[in-house]
Amino acid sequence: MKPRLPAVVAAVSGLAMLAAFFFQSVTSPYLGLVLNWAIIVSSMALLVAIASLAVTHIRFIIDGQKGFLYSIVLLVAFFSTLIIGWYRGLEDPQYLDWLRMILVPVETALMGLIALVLMSAAVKIFRVRGWSILTVSFALSALFFLFLNLGFLRHDANSTLTAVISTLQRLPLVGARGLLIGVGVGALLMALRVLFGQEVARE
Amino acid sequence: MSEQPDELRICPHCGQPNAVYTLRCIRCGEELEELFDLQGFEIGHVPGSDESEDEIASMDQMLAALDESSLLEDPKQEDPDSPDDEADEDGLEPEVGDETPDWLEKVRQRAKAEQDAADRLARGGMAMEDQRAERDREQVDQAFEEIMRRIREQNEREKARRPWRAESASVDENGDPEWLRRIRELQPDREEDTKEISAHSAARSDLEDEWTEEELQELLKRELGQVDEETEEEITAEISPLRSVAFEAEPEESAESALLLPGEEARAEPELTNFHNIPEDDEEAQAGQPEDEKPLIEATEAEQPAQSSAEKELEEANRQNGELPIPLEDRETVSTQNELELVEEAGLEENFEQPAMQADLQEEAVPRDKGEAHDQAEIEDKSENADQFPPENEPESPEEPFQDLLLLRDQRDRARALKDILYQEGRRTIAVLHESSPQGKFGRLVLGLLLMIGILVSILIGPAGSIDLPPQAHALAFQENLASLQPGERVLVVMDYQAATRHDLEPLAARVLDILAGNDIQRRVVTANPVNLLLASNLLEPAQLPDEFIPGGMLGYLSLAAASPPNWGGLPISLAFDGEAELFARIDQVILISDSADFVRMWLEQVSPWRAGIKTSAITTAVSGPMLLPYHGSGQLQGFVAGVTDAKVLQVGPQDLVNLRAWQAGMMLMMVVLLLGMITKVDQDFSRRSEGQGR
């Protein structure tokens, strides 16, 4: 009975949402109540996750594990932000500027690293994956669209060239649509499994 | 044993040849009485006839003739009415008066004594003959029952051990069994030999089902220990083709038994020596144990005399076929070697679980010289010491056993796969994804430096540049949707982006907010992302926060879109609002400012259906643009602008977003690196091919 309880709860919740969707005028107050319960539970889960993160890094520091300096930085940043924000409040412009001046460069640098990783992956992809349809099509499409978006081509010069480029630029639409259809069908099947109790929670 | 085959006795009743010492005919059951006939006393012999003297009458007939003779009649009983007879007697015989002559009296006494002795002798002979016949009959019955019992037991053992033999017993339309067809497939050039063998096997199969009188007689002789050499040679000659077939079929059988355990292999081996299905009664009686339990070497040694003729026939047959003559022992040796290699192959370099059995097989695998058998004691001694010393013919490399094995391709592949699995035990077979090498680190450093230098140079040298890209349909749709807003309408602006993408989104979002403010359109800025509490001041007034912070992320938006205030009070989420807790009240359009295509997708799939009358458009990055194209095509998304490429639609200069020269330099570096990877791979492949051709 214990392993089936989550499946039963999930199935009942899904059926309730379906009923609320079809009978919205009657069920909307109850639907809002259930969603608020879910918000509260998820918020509490977020707080528990934050506490677990702090405890884990405190344990890293106490045990002296490798990379405990990063744990110190994390805990210092976390508790200082929490304490200062609690003390001065979100409406304090100085506090917001401090956070902005730290957060924006860090995330921008992280984005630059992503670009560097992508470059490294572009070099390695053929050496690791070899010659295949996937790698060759990826390389050709990447080269084509990179060159196309550089702006070196004058689209106004030739109407035929403009039409061809416009057609080629719609190719991502085809791929994205196919991808989204697959995601939608997968989500539908997963929802049906949950509704019919076929998806049992696994430990 | 006798060497005179012409001593067979022909039954006078049915003409069936019988053994010399047989008392009754094995066909008709009549007694063969010549043993007790007396010379000179034949039935129907009349004294004075023209027959030769060799034809003699029996004692009874002789005595009967004497009684009927007138010379031996009593004179007192003579008829008085016969004077002629008296005269004749007076003239021929001396006058004896009333007294019988002495010679006649002696003759009568002797005849009487001999008659009594003949009767006693005849009665004793008959009784003895009946007793011996009864005993022989019992012996025949016992021997037959014993043979049938052994046949049944052997069949039961074979069925219990190897049920696959039932398949081999199936015959085709020509009456050929399955094993014979497989042998013919393996050696089609020996078709004639196999036909003879099949005839023998067919005859044997018939014999197994129905025993003829000759077979019973032979079995009786063997039971009585009276088998002559000629008969045994005939039996051996009949067996030898079958034995040769057994050796020819042995590799295949060995291949099939490759997966057997060594113990099972050793148990299956004696059955090959007993392939002819004729019990070795003499050896078994001497050994006093069942033949299946005998050691293989002893069984082979015991069969050597009987195999001599079969070996000759085998050699002759091999010479006719153009093959080198191989002695029978060598054939066994070759087959045993194959079996040993198969056992080692099945073990695949693993420790042999039964070293004693392996040593026995190795000992049998030692080649023997022609006509020179190994000493039994020496073999036993080597078998005992085989545990201590490794075998001489043990393969050194794992590839050697594959050379002489007769395996099917599937069996070989499976054996290789099993060997590979065992060989790779405890080793790493999957490449480590994050394995870093000094060369990789150096290459990554070079790439990073190249990118940084290129961008810095493009930024520092020359103007920022410009870009002229054609407007996209979704961007034009966004512009038209924005232009369709009338003064006094309300727009909900939802912020959900990170600090890293603020330079790609905020100029566009700021331009949109300016347009809304210029058209006197009311706006309501909300967010569920805490980062946007910090970044909102870039769009709004300095140090201005969004109008509302929605707790719960997408669940909060969904709750506000789907639920209505209940009659019994408010919901917990209403506490997040300063005033009215209706987020979508009097909202005409929604503009999403997000760098995540997933957020836009979830909004369109989860929130928008509850508020179908509200149009939705988005400001997003160029990366998320392609994923939102289908939603624009379906009408769920009125339009969107995506980064630098669509900035022209909102009259935003691309140079206001990024440095276009640095952006173009970065794009070109990406292209160069991609081409460099392809060239490196081509060079690597070419080098490998050159090395392969050089080898």
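**Note on a predicted two-chain model**

1. Helix H7 of chain A is followed by Gly197(A), whose phi is positive, near 70°.

2. How many of the 25 residues in H7(A) are buried? The count is 0, and the helix is hardly covered.

3. H7(A), residues 171-195, packs against helix H1 of chain A, residues 4-22. The angle between them is about 115°, and their axes are 7 Å apart. On the H1(A) side the contact involves Ala10(A), Ala11(A), Gly14(A) and Leu15(A), which meet Ala191(A), Val194(A) and Leu195(A) of H7(A). The residues of this contact divide into 6 nonpolar, 1 polar and no charged.

4. Chain A also touches chain B: 48 residues of chain A are in contact with 50 residues of chain B. On the chain A side, the elements giving two or more residues are helix H2 (24-63), helix H4 (93-129), helix H5 (133-148) and H7. H4(A) supplies the largest share, 19 residues. By class, this side of chain A has 31 nonpolar, 11 polar and 6 charged residues.

5. Chain B contains 27 helices and 8 strands. Of its 695 residues, 23% are buried. Counting contacts in chain B with a separation of 6 or more, 64% are between residues 24 or more positions apart.

6. Six strands of chain B form an open sheet with parallel pairing, in the order E5-E4-E3-E6-E7-E8. Which strands lie at the edges? They are E5 (548-549) and E8 of chain B, each of which pairs on one side only.

7. The pairings can be followed across the sheet. E4(B), residues 522-527, and E5(B) pair in the parallel sense over 2 bridges, and Thr527(B) stands opposite Phe549(B) in E5(B). E3(B) and E4(B) run parallel and are joined by 6 bridges, with Arg490(B) standing opposite Gln522(B) in E4(B). E3(B) is mostly covered, with 6 of its 7 residues buried.

8. Further along, strand E6 (residues 589-594) of chain B runs parallel to E7(B) and is joined to it by 5 bridges. Ile591(B) stands opposite Ser617(B) in E7(B). Why can E7(B), residues 615-620, be called largely enclosed by the rest of the structure? Because 6 of its 6 residues are buried. Lys615(B), Ser617(B) and Ile619(B) point one way from E7(B), while Thr616(B), Ala618(B) and Thr620(B) point the other way, and all are buried.

9. Helix H21 of chain B, residues 502-518, lies across E3 (490-496), E4, E6, E7 and E8 of chain B. The helix runs at about 140° to E7(B).

10. In soluble globular proteins, nonpolar side chains tend to be buried together. Here the largest nonpolar core has 55 residues, and the members that touch the most others are Ile593(B), Ile619(B), Leu628(B) and Val641(B). Leaving aside neighbours within four places in sequence, the contacts of Val641(B) are Ala475(B), Phe478(B), Leu508(B), Ile619(B), Asp646(B), Val649(B) and Leu650(B).

11. Leu650(B) sits in the loop between strand E8 (640-642) and helix H26 (654-657) of chain B. Not counting residues up to four places away in sequence, Leu650(B) touches Gln479(B), Leu508(B), Arg511(B), Val512(B) and Val641(B). Leu650(B) and Ile515(B) are 135 residues apart in sequence, but their C-alpha atoms are 9.5 Å apart in space.

12. Helix H27 of chain B, residues 660-694, has 35 residues. From its first C-alpha to its last it reaches 51 Å, close to the 51 Å expected at 1.5 Å a residue. The buried residues of H27(B) include Leu660(B), Trp663(B), Leu669(B) and Met678(B), and also Arg661(B) and Lys681(B).

How values were computed: Residues numbered from 1 in each chain as written. Chains lettered and ligands numbered in written order. Predicted model: local features only at pLDDT ≥ 70, side-chain atom pairs only at ≥ 80, totals over all residues. Axes fitted to C-alpha atoms, helices over the stretch in contact; angles between N-to-C directions. Helix = DSSP H or I, 4+ residues; strand = E, 2+ residues; numbered from the N terminus. Contact = placed C-beta atoms within 7 Å. Nonpolar A, V, L, I, M, F, W, Y, C, P; charged D, E, K, R; others polar. Buried ≥ 20, exposed ≤ 12 C-beta atoms within 10 Å, placed from the backbone. Expected span 1.5 Å × (residues − 1). Core = buried A, V, L, I, M, F, W, Y, C linked by C-beta atoms within 7 Å. Pairing = 2+ DSSP bridges.
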